[in-house]
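This report covers selected local features of one protein chain. Please keep the sequence and the model at hand while reading.

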Amino acid sequence: MTAKNAFYAQSGGVTAVINASACGVIETARLHSVRLGKVYAGRNGIIGALTEDLIDTSRESDEAIAALRYTPSGAFGSCRYKLKSLEANKREYERLIEVFKAHDIGYFFYNGGGDSADTCYKISQLSETMGYPVQAIHVPKTVDNDLPITDCCPGFGSVAKYIATSTLEASFDVRSMAKTSTKIFVLEVMGRHAGWIAAAGGLVEDHGIPVMILFPEIELDQERFLAAVKQKVEQHGYCTIVVSEGAKYPDGRFLAEQGTRDAFGHAQLGGAAPVVANMIKDATGYKFHWAVADYLQRAARHLASKTDVEQAYAMGRAAVQFALEGHNAIMPTIKRVSQDPYRWEVGEAPLSEVANVEKFMPREFISEDGFGITPVCKEYLIPLIQGEDYPPFEKGLPKYVTLKNVAVEKRLPAFEI
């Protein structure tokens, strides 16, 4: 049987460990070259497939591919581009088939979150709807930790470790200045509809830090919140607040909504921290500082969770293995099989049950007052931030890899998106 080539692409917001999944895909594919030919990466995600802008990963050395495991962000470029339905945009699907045929591609690996799972699911249906056989496997990734079925999502553990660490360190700073200066520190973290990242800030409570969390799942009761902040400052001298970018008012408006939309049609967020900080200042007069973790939280490979790195790599490897076993329209998952000691294994989920489904924080993970996390949430989070997996350093800085990303020769006419 002639070996078919594979298409791999990264989608959505990148993470500290998405390249570890790429490493898992490419290294595993190279072990099965008799059945799986070259791995072509899409430059800037699915856009690379539509525009026939493919990268020949076989032109990279084994050492360079191995270095992806400890290099942050998306080595091949990512994008926010969601395919419409076949009925709404048949032109794009016909183009994908043309590109796949031109480059003998029979495997499709898409590394991303919920919207990417939807794209991957649509690609998996090409053989049925348009007569072209392609096995599509979704490789899970999202710092938001909101994919269903899987216990956690690669990318989340490292963000959680960064946010918990940053919250702890900044709180120590505020504590040292609280007598005569700053009494409030507000940290804004990612999380549009699910508060998993914000929840990680709650882990500092076990270090004696007075911390409060604003979750997307709990609408903001401003009066009750301000009273609780005041109480903590009176008791401890200071208070740290971790606010999710998706925190909402009772009427459903985001604290941070800017009135604009991203490429997926989602409300563009950013600015919850100053809103909360000024809200406290107006009510109490407390001096404050605020920060937005933004790209720092998802790019911080120097503080990655070892658990997260290992799981990200395993998802890439499993995707190739599942494809070679004949699977289609599935996503490898992480199954927690033991809490103490923490153990996990690879599972699988049908994309029909993953695409466009968000997993929110369970209510039992959020404290009764809505401003903290419960012991069961801590039990869930702590294993995911365990272990250090430092990159190599050179002259005081991490030594990350930049691939050559050699383009594959185009064989088709240009295509306008």
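## Salt bridges

The model is predicted, and side-chain atom pairs count only at pLDDT 80 or more. Side chains of opposite charge can pair when their charged atoms come close. A search of the whole structure gives 18 salt bridges. Some of them are set out in the table.

| Pair | N to O distance |
|---|---|
| Arg-336 and Asp-151 | 3.1 Å |
| Glu-388 and Lys-161 | 2.8 Å |
| Lys-399 and Glu-394 | 3.7 Å |

The salt bridge between Arg-336 and Asp-151 links distant parts of the chain, as the two residues are 185 residues apart. Arg-336 belongs to strand E12 (residues 330-339), and Asp-151 sits in the loop between strand E5 (135-140) and helix H7 (156-177). Asp-151 has a relative accessibility of 18% and therefore counts as buried, the cut-off being under 20%.

Glu-388 and Lys-161 also form a salt bridge, at 2.8 Å from N to O. Glu-388 is in the loop between helix H13 (375-381) and strand E14 (393-394), while Lys-161 is in helix H7, so the pair ties together parts that are 227 residues apart in sequence. The two partners can be described by their accessibility: Glu-388 is partly exposed, with a relative accessible area of 42%, whereas Lys-161 is buried, with a relative accessible area of 8%.

For the pair of Lys-399 and Glu-394, the salt bridge has an N to O distance of 3.7 Å. Lys-399 is partly exposed, at 43% relative accessible area, and Glu-394 is partly exposed too, at 44%.

Salt bridges also link Glu-205, Asp-206 and Lys-378 in a network.

Which side chain of opposite charge is nearest to Glu-245? It is that of Arg-192, at 5.1 Å. A salt bridge needs a side-chain nitrogen of Lys or Arg within 4 Å of a carboxyl oxygen of Asp or Glu, and Glu-245, although buried, has no salt bridge. The side chain of Glu-245 does reach the backbone nitrogen of Gly-191, at 3.1 Å. Glu-245 is placed in the loop between strand E8 (239-244) and strand E9 (257-261).

## The second largest pocket

The second largest pocket has a volume of about 220 Å³. Its lining is made up of 15 residues, and those nearest its centre are Glu-205, Val-211, Lys-232, Asp-369 and Phe-371. Strand E7 (211-214) and helix H9 (222-236) are the elements that give two or more residues to this lining. H9 supplies the largest share, 4 residues. By residue type, the lining of the second largest pocket consists of 7 nonpolar, 5 polar and 3 charged residues. Glu-205, one of the residues nearest the pocket centre, is also a member of the salt-bridge network with Asp-206 and Lys-378.

## Backbone geometry

The peptide bond from Asp-340 to Pro-341 is cis, and its omega is near 5°. Pro-341 is located in the loop between E12 and strand E13 (342-350).

Asn-44 is not a glycine, but it has a positive phi of about 65°. This residue lies in the loop between strand E2 (36-42) and helix H2 (46-50), and Asn-44 is partly exposed, with a relative accessible area of 34%.

Ile-149, likewise not a glycine, has a positive phi of about 75°. Ile-149 is in the loop between E5 and H7, where Asp-151 is also found. With a relative accessible area of 45%, Ile-149 is partly exposed.

## Sequence separation and distance in space

Lys-359 and Gly-114 are 245 residues apart in sequence, and their C-alpha atoms are 9.9 Å apart in space. Lys-359 is part of the loop between E13 and H13 and is buried, with a relative accessible area of 18%.

Leu-412 and Ala-349 are 63 residues apart along the chain, and 35 Å separates their C-alpha atoms. Leu-412 is in the segment after strand E15 (397-398). Its relative accessible area is 24%, and Leu-412 is partly exposed.

How values were computed: Residues are numbered from 1 along each chain as its sequence is written. This is a predicted model: local features need pLDDT of at least 70, side-chain atom pairs count only at pLDDT 80 or more; totals for chains, interfaces and linings use all residues. Side-chain values use heavy atoms; hydrogens and water are left out. On a 1 Å grid over the protein atoms alone, a cavity is a set of points where a 1.4 Å probe fits but cannot get out, and a pocket is an open set with protein on both sides within 12 Å along at least five of seven lines; lining residues have an atom within 4 Å of a point. Grid points are joined across faces, edges and corners, and a volume is the space filled by probe spheres set on the points. Ala, Val, Leu, Ile, Met, Phe, Trp, Tyr, Cys and Pro count as nonpolar, Asp, Glu, Lys and Arg as charged, and the others, Gly among them, as polar. Buried means under 20% relative accessible area, exposed over 50%, partly exposed in between (1.4 Å probe, protein chains only). Lys and Arg count as positive and Asp and Glu as negative; His and the chain ends are not counted. A polar contact is a pair of N or O atoms within 3.5 Å; within protein, one must be able to donate a hydrogen and the other to accept it, and residues adjacent in sequence count only if both atoms are side-chain atoms.
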